[in-house]
Amino acid sequence: MTKSPRQNSLTAHASRHLAFEEYLQKDEPFYLPVAHEVEIFEAAHFKRLPILLKGPTGCGKTRFLEYMSYRLGPLPLITVACHEDLTASDLVGRYLLEGDETRWLDGPLTRAVQSGAICYLDEVVEARKDTIVLIHPLSDHRRILPLERRGEVIEAHEDFQLVISYNPGYQSVLKDLKPSTRQRFVAIEFDYPSELIETNVVKHEAAVSEELAGQIVRLGGKVRNLREHGLQEGVSTRLLVYTGQLIAAGLAPRIACQSGFVQALTDDGEVSKSLQEVVEAIFAE
Ligand code: ADP
């Protein structure tokens, strides 16, 4: 079995308040460039500009960052999955009570700023407003992080780079990135890869034949065209890979498609019926 990038782990942390991951890629992650994202990231990294990755879920943003962090160093990559309870202290750090003593525990952002890692705040709009304010002085020429609780301001390590992601498909009035935040980031737009690239991704990731990968990807294209018919978002490359993996593990294609993406995409009986018809048109049995 090939080593997954996840196995190149340096450390993975989980605290009561927040789980985050810190990895140093020792082997080159498999990544097929889709457009100019690699050159853009490299140019932005050269000037340490903060980056916004825009795009639907499961289209390769995380894999791209794993690849870039390998290519540019390797540099450690610290990833925080943002959620609505995520506070500034979760990112920066907090004092913990240990017996009669208090001990300061750095949060993931502080670790990244100090050690020169790439810090990836995934789905940043989900986080509370105070966290957004916190990243402002890190995302302009100042490159500083105020640690309010400690009364300190730390300067970012020269290799530190901030990357955030954002899914415009989930946009709502309440959860949108303000222009004052957006306009601090170089934006790279992601979408599902072209048929040719996606076929190669599915072939590699699911270890299936080119023919089968091609069928799964064509199916994905048709499902994405059904988006107006009640699907919030098209099928992700991730789900197409899962479907390929289920078939590779011996499941009949129709069953694999049902569990691999149809049920994952919708709870609506009518929509799921239309999806199944598309599946049946590609996989005869
Ligand atoms: P996101 O971070 O956008 O939600 P991921 O990076 O986790 O999505 O992508 C999901 C999966 O899709 C990856 O684990 C990988 O298997 C595959 N993938 C998508 N795009 C690519 C690509 N361009 N090259 C290689 N693998 C890709």
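This is a guided tour of the model, one selection at a time.

The coordinates are a predicted model, in which local features need pLDDT of at least 70 and side-chain atom pairs count only at pLDDT 80 or more, while totals for chains, interfaces and linings use all residues. Residues are numbered from 1 along each chain as its sequence is written.

**The two domains**

Begin by colouring residues 8-189 as domain 1 and residues 195-282 as domain 2, the division given by the domain assignment of the protein chain, with bounds that come from an automatic or database domain assignment. The C-alpha centres of domain 1 and domain 2 lie 31 Å apart. Their contact takes nine residues from domain 1 and nine residues from domain 2, where two residues are in contact if their C-beta atoms, placed from the backbone, lie within 7 Å. On the side of domain 1 that touches domain 2, there are five nonpolar, four polar and no charged residues; here Ala, Val, Leu, Ile, Met, Phe, Trp, Tyr, Cys and Pro count as nonpolar, Asp, Glu, Lys and Arg as charged, and the others, Gly among them, as polar.

**The ligand**

Next, select the ligand, which is surrounded by 17 residues, the closest being Gly 60, Lys 61, Thr 62, Arg 63 and Arg 238; a residue is near a molecule if its C-beta atom, placed from the backbone, lies within 6 Å of it. Because domain 1 and domain 2 both give residues to this shell, the ligand lies between them. By class, the shell has eight nonpolar, five polar and four charged residues. Helix 2 (61-71), helix 7 (195-206) and helix 9 (237-248) each supply at least two residues of the shell, where helices (H or I, at least four residues) and strands (E, at least two) are DSSP runs, numbered from the N terminus.

A residue is buried if 20 or more other C-beta atoms lie within 10 Å of its own, exposed if 12 or fewer, and partly exposed in between, with C-beta atoms placed from the backbone. Among the buried residues are Lys 61, Phe 64 and Tyr 70, and the buried residues of helix 2 pack against helix 1 (37-46), strand 3 (51-54), strand 4 (77-81), strand 7 (118-122) and strand 10 (161-166).

Then move to Pro 74, in the loop between helix 2 and strand 4, where the peptide bond from Gly 73 to Pro 74 is cis, with omega near 10°.

**Two positive phi values**

Most residues other than glycine have a negative phi, and most peptide bonds are trans. Select Glu 123, in the loop between strand 7 and helix 5 (129-135), where phi is near 55°, a positive value. Glu 123 counts as partly exposed because it has 18 C-beta neighbours inside 10 Å. Ala 207, in the loop between helix 7 and helix 8 (210-225), has phi near 50°, also a positive value.

**Helices 10 and 11**

Finish with helix 10 (residues 253-265) and helix 11 (residues 269-282), whose axes come within 10 Å and cross at roughly 145°; axes are lines fitted to C-alpha atoms, for helices over the stretch in contact, and angles run from 0 to 180 degrees between N-to-C directions. The residues in contact include Arg 254 and Leu 265 of helix 10 and Ser 272 and Glu 280 of helix 11. By class, this contact has five nonpolar, two polar and two charged residues.
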